[in-house]
Amino acid sequence: MVKSTFEQHLTDLENGIEENAFFLQNVAEVAALNFDAPSDLSRWARSTANDADKVNSTLRQVYREWSREGKIERDQSFQPILSELEEMYPDRQERHSVRVLVPGCGLGRLPLELAALGFITEGNEFSYHMLFTSSFILNHIQNTNDFRIRPSLHGFSHNRTREDQLRPVLIPDVSPTILLQHEVNDDTIPEDGLLSMSAGSFDMIYRKPEGKTFNVIATVFFLDTAANIFNTLQSIYDTLEPGGIWINFGPLLWHYEDIPPDEEIQSLDQTSESEDRSMGLEFALDDLLELIKKFGFKFEKRESNIPCSYTHAYQSMGGFIYKCEYWVARKP
């Protein structure tokens, strides 16, 4: 009985892998066109176990950002920022002159939501896996529910039933072309549009910017990805215009805490080999808050211990709940 049952489950898993592969094949083909990679995918370097892990986490990120089922989790971290900015700038046309930067924007859902509200929004992302996938979703999917993926397929733990592991979701739950609709109906939108993306490390790209300043920087589950928190805070400070607002939501799960220097290049998804991402400098929260004040920021709002999950399938028996920090800080 066990053999026959599990054999059928393995067959179902193979079918689910084919569905995930269909979506990922589309992502890879578009990436080859947009990121100057060989169009013949067979010429790409063989994937490593680390690559496979990142693809798996990217599928879970697609679930979080672009499925109907991920809305509960999105609302936990995105909605406070969206509501804050709607309250700050109630006039929609006024928002067309407000520049918002979202570092570490993942698959681009928060930048899209901000642009849909009328803000000039720039997303920034470091991971090629995220960049390839967001490029495909934002620029090459026209309709809702165009693809079906199975984000829990590769995890055998915390499943109540075999069906939970196989459970599909449809993506995207909203058409990214909503921005084009706004541009047709609103002639006050800037000629360059409302949404743009930059690829690379935030600390490298936005270090001492020349003439490229923002009214708002929104960071979500981002600060703890800093290789050097001093550089990250300096970049946030330098990139904000005087009087600009920094809104943050997230925990302190320092991403590079356990990365030895000699494993840094091999272990991380890097866009620049000139940036050492093994220099942790992991601060406790109280020290981090004092450091932010020393940079000159003034906290206008702050909430602590906000429960939030991340890429957590709602049917899962396990998972991790973060106690997140939320603040609104102003540059002098």
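Author: Happy to! A handy definition to begin with: strands are DSSP runs of E with at least two residues, numbered from the N terminus. One thing to keep in mind is that this is a predicted model.

Reader: Thanks! With that in hand, where is N305 found?

Author: N305 is in strand β8, which covers residues 298–308.

Reader: And is N305 buried or exposed?

Author: N305 has a relative accessibility of 55%, and the cut-off for exposed is over 50%, so N305 counts as exposed. Its backbone is worth a look too: phi of N305 is near 60 degrees, a positive value in a residue other than glycine.

Reader: Why point that out?

Author: Because most residues other than glycine have a negative phi. T311 is another example, with a positive phi of about 50 degrees although it is not a glycine. You'll find T311 in the loop between β8 and β9 (322–330).

Reader: Let's switch to helices. At what angle do α2 and α3 pack?

Author: Helix α2 (residues 49–66) and helix α3 (residues 71–88) pack at about 70 degrees, and their axes are 7 Å apart. That angle makes α2 roughly perpendicular to α3.

Reader: Which residues meet there?

Author: From α2 you have Y63, R64, E65 and W66, and they meet E73, R74, S77 and F78 of α3. Sorted by class, the contact of α2 with α3 has four charged, three nonpolar and one polar residue.

Reader: What sits over the ring of W66?

Author: The charged end of R109 does, 4.9 Å from the ring centre. In another such arrangement, K331 lies over the face of Y237, at 4.3 Å from the ring centre.

Reader: While we're on α2, what about N56? Buried or exposed?

Author: N56, which lies in helix α2, is buried, with a relative accessible area of 15%. Leaving aside neighbours within four places in sequence, N56 is in contact with P151 and H154.

Reader: And how far apart are N56 and S42?

Author: They are 14 residues apart in sequence and 20 Å apart in space, C-alpha to C-alpha.

Reader: New topic: how many aromatic pairs does the structure hold?

Author: It holds 18 aromatic pairs. Take F23 and F147: their ring centres are 5.5 Å apart and their planes are at 70 degrees, so the pair is edge-to-face.

Reader: Where do F23 and F147 lie in the chain?

Author: In distant parts: F23 is in helix α1 (residues 2–34) and F147 in strand β3 (residues 147–149), 124 residues apart. F23 is buried, with a relative accessible area of 1%. F147 is buried as well, at 11%.

Reader: Which residues form one aromatic cluster with F221 and F249?

Author: Y310, F320 and Y322 form the cluster together with F221 and F249.

Notes
Residues numbered from 1 in each chain as written. Predicted model: local features only at pLDDT ≥ 70, side-chain atom pairs only at ≥ 80, totals over all residues. Heavy atoms only, no water. Axes fitted to C-alpha atoms, helices over the stretch in contact; angles between N-to-C directions. Helix = DSSP H or I, 4+ residues; strand = E, 2+ residues; numbered from the N terminus. Parallel < 35°, antiparallel > 145°, perpendicular 65-115°, else oblique. Contact = heavy atoms within 4.5 Å. Nonpolar A, V, L, I, M, F, W, Y, C, P; charged D, E, K, R; others polar. Phe/Tyr/Trp six-rings, centres within 6.5 Å; stacked < 30°, edge-to-face > 60°. Buried < 20%, exposed > 50% of the residue type's maximum accessible area, 1.4 Å probe, protein only. Lys NZ or Arg CZ within 6 Å of the ring centre and 35° of its normal.
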